[in-house]
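Here is a short briefing on one protein chain. Please look at the sequence and the fold, then read the points below.

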Amino acid sequence: MKHLPSRIAKWKRLGEYWFDRDTKMFQGLLGKVRDDISNGIDNTTMGATFIKQQDRSGLSDTKIAWLGGTIFAAGSDTTSISLSWWLFAMLMYPDVQRRAQAELDAVVGHDRVPAFSDLQHFPFIHAMVKETLRWRPALPLGLAHATTEDDWDEGMFIPKGTICFANVKACNHDAAVYGKDAARFDPARHLVVDGMINASNGEGHVTYGFGRRICVGRHMANDTLAIAMAVMLWAMNIHPAQAEHEVDILPKEDEFLNMQLIQRPRSFKCNIVPRFPEVLDMLAAERDRQN
Ligand code: HEM
């Protein structure tokens with residue numbers, strides 16, 4: 001079919017349309033980095049490295065735009081959707097929120113904002129990252145793989161080259177692995193008796209995929225989620241929004257949006273309240289310090 005001309009293949013025209021649109025977007029983003037470099041602004045991003053090393057790599061402008069763009073695309077929705085599911089869990093499981101805040105208060109106190117260097121002292125926050133990804137994987141069927149040889153499974157023949165999707169969500173909720181309460185959001189399942197992370201359990205879920213194509217950004221994603229959760233819970237309490245007569249409005253666990261391969265919660269209301277009076281000034285000072 002690849003030899004069919006676009007004018008008689010609508011699917012091909014669609015592919016070309018999106019390729020052009022995405023190329024323009026990725027080139028636009030990289031263009032800003034290029035401007036920074038020519039204006040002498042020190043830029044240590046991956047995009048800047050691609051530009052500075054373009055002579056050595058021999059990659060075209062379009063290819064480096066896509067190199068940065070695919071990493072950006074692979075890491076942005078997946079991370080933000082996982083954070084949305086986590087916010088959702090914070091509303092449904094307030095006891096988990098309190099336990100994480102107790103850990104943050106014990107390690108950080110209220111005099112400074114949590115930093116990356118604190119992460120090693122936050123086993124419960126790490127457990128919450130694992131549990132969020134296990135409980136509601138942003139890609140419940142992962143991404144497509146293909147069999148590298150002929151295979152048989154439960155009497156069915158699967159020829160070499162068959163496209164396969166793994167049922168990631170079902171694996172993550174397997175009662176044989178996670179027990180009868182697999183549907184419950186319970187970060188403590190990733191901890192051992194002394195409250196530390198169960199190191200013998202790998203990621204504790206299969207949300208990052210499998211084998212040679214496992215997500216290469218998983219370490220960055222784990223740390224991004226951990227610092228975001230830590231700063232948010234250090235700074236604020238997340239309560240359900242309230243209807244008349246102080247009735248809590250809670251999102252429904254089985255209401256979500258399927259967008260191609262991605263599953264995200266429907267938009268929901270919540271009530272976010274600073275935990276102590278200095279919070280907003282401290283966050284603003286931290287933002288200014290980092291800029
Ligand atoms: C919570 C966040 C994330 C989730 C749930 C996630 C999930 C996944 C999944 C399911 C795959 C396919 C694995 C397979 O084929 O079995 C994948 C691949 C990939 N991910 Fe992630 N990802 C996340 C964050 C990131 C970040 C932050 C980056 C980059 C900074 C990234 C970069 C990539 C890349 C480049 C691939 C393709 C790897 C390959 O095919 O060799 N991901 N990710």
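What percentage of the 291 residues of the protein chain count as buried? The figure is 33%, where buried means under 20% relative accessible area, exposed means over 50%, and partly exposed lies in between (1.4 Å probe, protein chains only). This is a predicted model, so local features need pLDDT of at least 70 and side-chain atom pairs count only at pLDDT 80 or more, while totals for chains, interfaces and linings use all residues. Residues are numbered from 1 along each chain as its sequence is written, and side-chain values use heavy atoms, with hydrogens and water left out.

**Overall build**

- The protein chain holds 10 helices and 9 strands. Both are DSSP runs numbered from the N terminus: helices are H or I with at least four residues, strands are E with at least two.
- Along the principal axes, the C-alpha atoms fill a box of roughly 65 × 65 × 45 Å.
- Take the contacts in the protein chain with a separation of 6 or more: 69% of them come from residues 24 or more positions apart. A contact means heavy atoms within 4.5 Å.

**Surface and charge**

- The chain carries 33 positive and 36 negative charges, and their mean positions are 8 Å apart. Lys and Arg count as positive, Asp and Glu as negative; His and the chain ends are not counted. Each charge is placed at NZ of Lys, CZ of Arg, CG of Asp or CD of Glu.

**Aromatic pairs**

- The whole structure contains 12 aromatic pairs. Rings of Phe, Tyr and Trp (its six-membered ring) pair if their centres lie within 6.5 Å; planes under 30 degrees apart are stacked, over 60 edge-to-face, and the rest tilted.
- Phe-26 and Trp-66 make an edge-to-face pair, with 5.1 Å between centres and 85° between planes. Phe-26 belongs to helix α1 (residues 10-38) and Trp-66 to helix α4 (residues 61-92), so the pair links distant parts of the chain, 40 residues apart.
- Phe-26 is buried at 6% relative accessible area, whereas Trp-66 is partly exposed at 24%.
- Trp-234 and Phe-276 are edge-to-face because their planes stand at 90°, with ring centres 5.4 Å apart. Trp-234 sits in helix α9 (residues 218-235) and Phe-276 in the loop between β9 (270-274) and α10 (279-290), so this pair ties together parts 42 residues apart in sequence.
- Trp-234 is buried at 0% relative accessibility, and Phe-276 is buried at 9%.
- A cluster joined by ring pairs contains Trp-85, Phe-88, Tyr-93, Trp-135, Phe-185 and Phe-268.

**Charges over rings**

- Arg-136 places its charged end over the ring of Trp-85, 5.5 Å from the centre. The cut-offs are NZ of Lys or CZ of Arg within 6 Å of the ring centre and within 35 degrees of the ring normal.
- Arg-134 lies over the face of Tyr-178, 5.0 Å from the ring centre.

**Positive phi outside glycine**

- Glu-154 is not a glycine, yet has a positive phi of about 45°. Glu-154 falls in the loop between β2 (151-153) and β3 (156-158) and is exposed at 78% relative accessibility.
- Gln-260, also not a glycine, has a positive phi of about 55°. Its place is the loop between β7 (256-259) and β8 (262-265). Gln-260 is exposed, with a relative accessible area of 80%.
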